[in-house]
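I opened a new structure today and kept notes on what I looked up. Here they are, in the order I took them.

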Amino acid sequence: LKPFWLKASRARRARAVQSLFGEMAFRAFARPLRTLGARGARFVARQRPVTLAAVPVAAGGLAAGVLLPSQCAEASLVDVSCLTKVAKTDDVGLLPQPASPKYKTALVQIYVDSQPFGGSDKSSSGHRYDTIPIANGMIASGMSCQLVHYVPSEHDTFFKAMEGFDAIIVRCNPGQINAAGGDQMKFDDSMRALQKKGIQVWPSPDVMTNMGAKDALCKIANLAIGLPDTLAYYSPQELEAGFKKTMAFQPRVIKQNRGSSGEGIWIIKLKSGNYCKNYGDRMCSDDEVLEMMEACDNHAETHTVREFLEFCVGGRSSKSGKWDTIGTGKYLEGGKEAGGQLVDQRFCPRIVEGELRYNMVGDTLIGIIHKKPKEGGISAVGGTGSIYTYYGPKEKKFASLTKSFTSTDLPKIMPALGLGDEPIPLWWTSDFINSSPPGTDAKDEKWIVGEFNCSCVGISKCLAAYCKDDTPNACYTDIAKKDLADVKKISSLLGKKALAILAKISSSKKASDAEEALKQILKSVDPSLASNAALVDKLKSWKRS
């Protein structure tokens with residue numbers, strides 16, 4: 001082919017490509033490679049003189065590989081007419097969808113018929129109270145954002161419709177899918193299937209599981225924001241051996257994996273105060289007495305070590321004694337695969353001073369909340385009388401923690417959690433506890449993570465839009481103008497972060513597809529060419545030039 005390519009007219013070269021490699025290769029070849037000529041042929045001939053057939057097909061492959069179906073399809077909204085329209089009003093407050101969206105996104109919610117107002121997070125419209133602002137942030141960035149509800153009885157139809165989107169934002173509170181008669185695991189598996197087809201999911205099931213699980217604290221134990229003596233228990237044997245050892249050393253915080261709002265999180269001390277000097281010097285006996293406080297409501301209980309272990313494993317029974325908690329125990333039930341686990345972490349006495357919640361949009365800090373427990377309490381969970389103070393992202397008194405967290409540990413979190421291939425969540429929080437002794441200089445204080453949360457984190461300044469018994473008709477228009485202005489800043493940043501992530505994924509996919517197309521074409525000419533990394537790199541470099 002070398003003499004043919006050097007002497008042939010442009011038309012003859014184009015017809016050769018069309019004949020050998022089809023219409024798509026011809027179209028891709030014809031426009032960007034008209035100037036290929038003898039210069040291009042000589043370039044490849046220098047790399048591999050014996051096979052000049054690589055010239056037209058390789059170059060054509062590079063061009064064809066960057067064409068995606070979405071670029072050829074008509075830019076319009078995804079047809080979701082097959083899904084039940086659950087919202088009671090027609091998306092009041094939602095911006096008009098762009099005529100030619102850069103990407104097509106869906107915001108997925110769920111309405112629980114058996115719960116008042118469809119769930120504790122709903123506006124009178126049937127949407128989540130912060131749905132409209134989040135969708136508007138996506139739209140303001142040039143993407144479409146369609147609001148849909150997952151109806152468990154329409155599972156297959158729903159996920160077929162979702163295949164038309166580039167990205168999906170999941171806004172279903174933990175427990176709501178099961179409460180609505182669905183199956184959370186089935187839902188999660190279907191979302192994973194969409195991911196395998198190249199559709200971005202925020203947050204993905206794996207991100208929610210790995211970041212939300214209490215044993216995430218074990219995985220970050222060796223980061224600056226972790227504690228090295230943080231343990232996880234998945235079996236009764238691990239619990240008994242580990243807890244008796246740690247409890248004999250110093251006060252502990254034991255956290256169940258499944259609870260929310262502090263339920264099943266216990267601050268535990270030895271009533272006798274008989275702590276050993278070195279970790280492992282002794283083990284607690286079954287009859288040693290524990291003084292315990294539960295984080296959900298700061299109520300106190302007293303139990304023996306044996307009663308506590310029995311409650312953790314088997315729940316309420318004659319062996320576990322009488323419990324006042326609203327919880328049922330059985331924290332290890334189902335094993336690790338079903339989320340059965342307990343995390344054992346050192347108790348930090350300065351928790352009484354409060355904890356810091358860092359509100360994050362992607363990798364950007366947008367605000368800090370200092371949550372101080374009620375006098376005499378330990379937990380700062382909402383509804384326990386705790387006091388919340390709000391700060392901006394550049395608050396000087398927390399500057400040392402902010403700098404360390406955002407510049408040093410933040411890039412390490414996803415890999416540490418086994419999520420190296422996933423982007424950081426769009427909207428998430430990290431709670432910090434001061435683990436330093438009192439009197440430590442602010443610049444030297446060590447703050448450790450008590451919890452990550454990326455599972456349907458709400459935008460607090462939208463709370464006026466959610467229904468309660470005394471505000472059954474609450475809606476988007478009830479959000480104060482001042483609050484709405486702040487919310488708009490958050491949602492705008494959300495949209496920009498989402499757009500950047502999708503653009504990066506698209507660019508990476510184009511490059512990957514182009515390289516794979518080139519290798520396949522080279523392979524069809526001579527199998528050894530596809531593995532010639534130097535040739536592939538030179539061809540890609542030549543095309544870019």
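**Histidine 155 and the aromatic pairs**

I looked up histidine 155 and set aside its neighbours within four places in sequence; it is in contact with Tyr150, Lys186, Phe187 and Ser190 (contact means heavy atoms within 4.5 Å). The model is predicted: local features need pLDDT of at least 70, side-chain atom pairs count only at pLDDT 80 or more, and totals for chains, interfaces and linings use all residues. Residues are numbered from 1 along each chain as its sequence is written, and side-chain values use heavy atoms, with hydrogens and water left out.

I checked the burial of histidine 155. It is buried, at a relative accessible area of 6% (buried is under 20%, exposed over 50%, partly exposed in between, with a 1.4 Å probe and protein chains only).

Next I turned to rings. I found 18 aromatic pairs in the structure (rings of Phe, Tyr and Trp, the last by its six-membered ring, pair if their centres lie within 6.5 Å; planes under 30 degrees apart are stacked, over 60 edge-to-face, the rest tilted). Tyrosine 391 and phenylalanine 398 have ring centres 5.4 Å apart and planes at 85°, so I noted this pair as edge-to-face. Phenylalanine 398 also pairs edge-to-face with tryptophan 447, at 6.5 Å centre to centre and 85° between the planes. Both phenylalanine 398 and tryptophan 447 are buried; for phenylalanine 398 the relative accessible area is 10%.

Which residues do ring pairs link into a cluster? I noted Tyr358, Phe405, Trp428, Phe432 and Phe452.
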